[in-house]
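Reader: I would like to learn how to read the features of a model like this one. Take me through them one at a time, please.

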Amino acid sequence: MVRENKVKQKLKNGEAVIGTFVKTVDPSVIEILGCSGMEFFVIDSEHVSYNPETITDLVRASDLTGIVPIVRVRKATAVNIMQALDTGALGYHAPNVDTPEQARIAVDAGRYTPLGNRGFAPTHRAANYGMMDKQEYIDKANKEILTIIHCETMESLGNLDEILKLEELDVVFIGPMDLSQSLGRDVMGQRKHPKLLEAIDQIIEKVNKAGKAVGTVADNAQMAKELMEKGVRYIPISSDQGMIGNMAKNIVKEFNQYSK
């Protein structure tokens, strides 16, 4: 079902939001994230081979705490975006958007006419399986869905001014690792390389000037704070797997110090 998207509202108000990427399949993880106070989570179906049923169950679990469910689709096609939103997800990441034409497809796929051309079927989960008034559902979906496209290549950066003209675009998300690869082998994977930092600063400046929100991933809360100071407002911090791994490493390290 479509509910109020508190993340979208906060971004429209100029506020920052934090969440995380989800790469596991257990719905209890979503409940835990919601109970923790995380504002949103992104199901990473680009890098994890999720099946549609699992994505639906993860989105369904979000209703228990009100955490905002977002899906990073495998590829920014109209059908992938439609299927993600039909589960009841309140937003989507469209990866690898390099041209204005690709951006237009990705943005239009998230809205019904007259704001876009999302495929319309009123009987899926987001529309209460056909038991919601059709026009009420259309209006609510068009209002609440958060559209996020990725800027993660130098080609995308070169086209960003044109991409930012798309009215229904809400967030431009910087993919730092893919962007580093686009800058060449000597930059790839180096999060603090001057060339990468310069490109990231250019994206942040362009997006904020256009009145959109800019987002990117942070490794931890301190990094999130630094990004916010630069003007980043949509911030997934690490991932469920990353948080488990870091906590486990810290526990083992601390235990080994005490056991000596």
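Author: Begin where helix H2 begins: a side-chain oxygen of Asp 26 comes to within 2.9 Å of the backbone nitrogen of Ser 28. That is a polar contact, meaning a pair of N or O atoms within 3.5 Å; within protein, one must be able to donate a hydrogen and the other to accept it, and residues adjacent in sequence count only if both atoms are side-chain atoms. Helices (H or I, at least four residues) and strands (E, at least two) are DSSP runs, numbered from the N terminus. This is a predicted model: local features need pLDDT of at least 70, side-chain atom pairs count only at pLDDT 80 or more, and totals for chains, interfaces and linings use all residues. Residues are numbered from 1 along each chain as its sequence is written, and side-chain values use heavy atoms, with hydrogens and water left out.

Reader: Which residues of helix H2 are buried?

Author: Buried means under 20% relative accessible area, exposed over 50%, and partly exposed in between (1.4 Å probe, protein chains only). In H2 (residues 27-36), Val 29, Ile 30, Leu 33 and Gly 34 are buried. Viewed down the axis of H2, they fall within an arc of 135°, so they line one face of the helix. The arc is that of the directions from the helix axis to the C-beta atoms. The face turned away from the buried side carries Ile 32, Cys 35 and Ser 36, which are exposed.

Reader: What covers the buried residues of H2?

Author: Read cover as contact, that is, heavy atoms within 4.5 Å. The cover of H2 includes strand S1 (17-22), S2, H3 and helix H12 (240-258). After H2 comes Gly 37, with a positive phi near 105°.

Reader: Now helix H11. Which of its residues are buried?

Author: Met 223, Ala 224 and Leu 227 are the buried residues of H11 (residues 221-230). Their arc, seen down the axis of H11, is within 105°, so they line one face of the helix. Ala 221 and Glu 229, on the other side of H11, are exposed. Strand S7 (213-216) and S8 are among what covers the buried residues. At the start of H11, a side-chain oxygen of Asn 220 reaches to within 3.3 Å of the backbone nitrogen of Gln 222. Gly 231 follows H11, and its phi is positive, near 110°.

Reader: Where does Asn 51 lie?

Author: Asn 51 is in the loop between strand S2 (40-44) and helix H3 (52-62). A polar atom of its side chain lies 3.1 Å from the backbone nitrogen of Glu 53. Asn 51 is partly exposed, at a relative accessible area of 36%.

Reader: How should I read aromatic pairs?

Author: A pair of aromatic rings is described by the distance of the centres and the angle of the planes. Rings of Phe, Tyr and Trp (its six-membered ring) pair if their centres lie within 6.5 Å; planes under 30 degrees apart count as stacked, over 60 as edge-to-face and the rest as tilted. The structure holds five such pairs. In one of them, Tyr 112 and Phe 120 are edge-to-face, 5.3 Å centre to centre with 85° between the planes. Tyr 112 is buried, at 3% relative accessible area, whereas Phe 120 is partly exposed, at 43%. Phe 173 and Tyr 234 have ring centres 6.2 Å apart and planes at 85°, so this pair is edge-to-face. It links distant parts of the chain: Phe 173 is in strand S6 (residues 171-174) and Tyr 234 in strand S8 (residues 234-239), 61 residues apart. Both Phe 173 and Tyr 234 are buried. Phe 21, Phe 40, Phe 173 and Tyr 234 form one aromatic cluster.

Reader: How many salt bridges does the whole structure hold?

Author: A salt bridge is a side-chain nitrogen of Lys or Arg within 4 Å of a carboxyl oxygen of Asp or Glu. A search finds 16 of them. One joins Glu 46 and Arg 72, at 3.4 Å from N to O. Glu 46 is in the loop between S2 and H3, and Arg 72 in strand S3 (residues 68-72), 26 residues apart. Both Glu 46 and Arg 72 are buried. Another joins Asp 57 and Arg 60, at 2.7 Å from N to O.
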